[in-house]
Each structure stands twice: as C-alpha cells, then as structure tokens.
Amino acid sequence: MLSIIIPVYNEAEVVESNLRQIQQRIGKPDLISDILVIDGGSTDQPFEKAKSIEGIKVYTSEKGRARQMNFGARKARGTILYFLHIDSLPPPNFEQMIVDSVEKGHLAGCFRMSFRSEHPWLRLISWMTKFKARSCRGGDQSLFVAISLFKKVGGYDENFKIYEDHEILKPLYQQTDFDVIQEKITTSARRFKTKGVLTLQLLFWMVYFKKWMGASPENLYRFYEKHINN
C-alpha cells in the first residue's frame, strides 16, 4: 500500500544507520509495499551501503532530488507514495498514520517536524510546523501523496534542482485537504550547525523571496550553490 521513496546523494555516513532506524519505526510491515532508495550518482558509496540492507531496493537515476523522486515514483508499487529525506526519521507507526489519513480523504499530507537541536530559533521553526499554512511547510517534514493525485499534478517539477518540495505543494493544497499529522518527524540540524542557524535561515528566506519575485529555477539554483551549498 505504501511506497517509501528516499533520494540520496553523497550521504554514505548516515545511509545505513538511518535506513535501519526507519525500518525499526514501521509497526505494520504488511502496509509497506516497498522501500526505495534512489541514488543520484554519489561518489561516496551510499548505493552499496543501502543495498546491503535487507528489504531495501536501490536504484540510480539522474542527479537532482526532483528527478530522483519522480524516478522512484515510477518504480513504486504502492498506492500511496511517501517521500522521505534520509536525514529525517518519522515517528513510530508512521505508516499506519499515513494510511489512516488517506482513508479519511486527505490525499496528501506530512508530519509536524522537530529539529534534533535545542537552539531557540530551530525550536521556534519546529513549533510553527504544526500549523496547516503552506508557508509552514518544508521538505524535511516528508510528504505523503496518493499516487493518483501525484500523477494528476504531474509529479515534481524537474526544472527545479532546489525548491521542488515547495513547488509541488501549491497544486496539492488546491486538489485535496492537505493534512498535517501532529506526530513529529525529527530531522538533522547539521547544515544549520555548519553555516550558522541565523545565517542559513536568512539565506533560505532570500531563496523564497527570489522565487516570489519571479526568479527562474536556474537563478535559484545558482544562488543556492554559491551561498548555501559551498
């Protein structure tokens, strides 16, 4: 019923441990159709580490999170797609919560999120994810969507090398009663620790502002590569 799709790129240091933790949080394995790891051509061998874990299907696709997730959706056997970042760990029995939400008519949704950090600003951001507003969403919260709706909205826009998680939300919010499950998914704060919490948040806001002002996917990506991913 549920296909878990996890895009990775050069994350060998966390792949094996986090995949095992994700498996341990599954309460009803019969609700899981498959777990797919989609590698974007990494150079540090997450492919081999993921392939060593029983119950994990591993594929290689073109680099780019949108392309990797669309590729995973095409390979998936489930009727519900669950897109999950490798740094994010869903709550125990997450699969049952997702299935229950879809059966109630929410054809797309996510979880609340909590950063694995005690920094006051990150705690505030985490608190805000309990609200339903689209502005409170982020890719680290994960995304579940009925495959029928995913196909209807055309999947992820592969023109976006970043911001793809936000771009798909607009049609999903328009097409269904988007659900925010109030159990928490936890996610790493490692990038905030590297860049500085307030510095990185300001850079993310600049990305959102540029998009609001009409910046192209290419311009957003150039800004991201220059200021965030360096």
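Let's start at Lys184, which sits in strand E8, the stretch covering residues 179–187. Keep in mind as you look around that this is a predicted model. With a relative accessible area of 42%, Lys184 counts as partly exposed, because that value falls between the 20% cut-off for buried and the 50% cut-off for exposed. If you set aside the neighbours within four places in sequence, Lys184 is in contact with Pro91, Arg112 and Ser114. Asn159 is another story: 25 residues separate it from Lys184 along the chain, and the two C-alpha atoms are 30 Å apart.

Now move over to strand E2, residues 32–39. How many of its residues are buried? The count is 8 of the 8, so E2 is largely enclosed by the rest of the structure. Two strands pair with it. Strand E1 (residues 2–8) and E2 run parallel, with 7 bridges between them, and here you'll find Ile6 standing opposite Val37 of E2. Strand E3 (residues 56–60) is also parallel to E2, joined to it by 5 bridges; in this pairing Ile35 stands opposite Ile56 of E3. To get from E1 to E2, follow helix H1 (residues 12–24): together the three elements make a right-handed β-α-β unit.

Next, the packing. In soluble globular proteins, nonpolar side chains tend to be buried together. Here the largest nonpolar core has 49 residues, and Ile4, Ile6, Leu19, Tyr82 and Phe94 have the most contacts inside it. Helix H10 (residues 197–212) gives this core its largest share, 5 residues.

Finally, take a look at helix H11, residues 217–227. Which of its residues are buried? They are Pro217, Leu220, Phe223 and Tyr224. Look down the helix axis and these buried residues fall within an arc of 130°, so they line one face of H11.

How values were computed
Residues numbered from 1 in each chain as written. Predicted model: local features only at pLDDT ≥ 70, side-chain atom pairs only at ≥ 80, totals over all residues. Heavy atoms only, no water. Helix = DSSP H or I, 4+ residues; strand = E, 2+ residues; numbered from the N terminus. Buried < 20%, exposed > 50% of the residue type's maximum accessible area, 1.4 Å probe, protein only. Contact = heavy atoms within 4.5 Å. Pairing = 2+ DSSP bridges. Right-handed = clockwise from strand over helix to strand, strands pointing away. Core = buried A, V, L, I, M, F, W, Y, C linked by side-chain atoms within 4.5 Å. Arc of directions from axis to C-beta.
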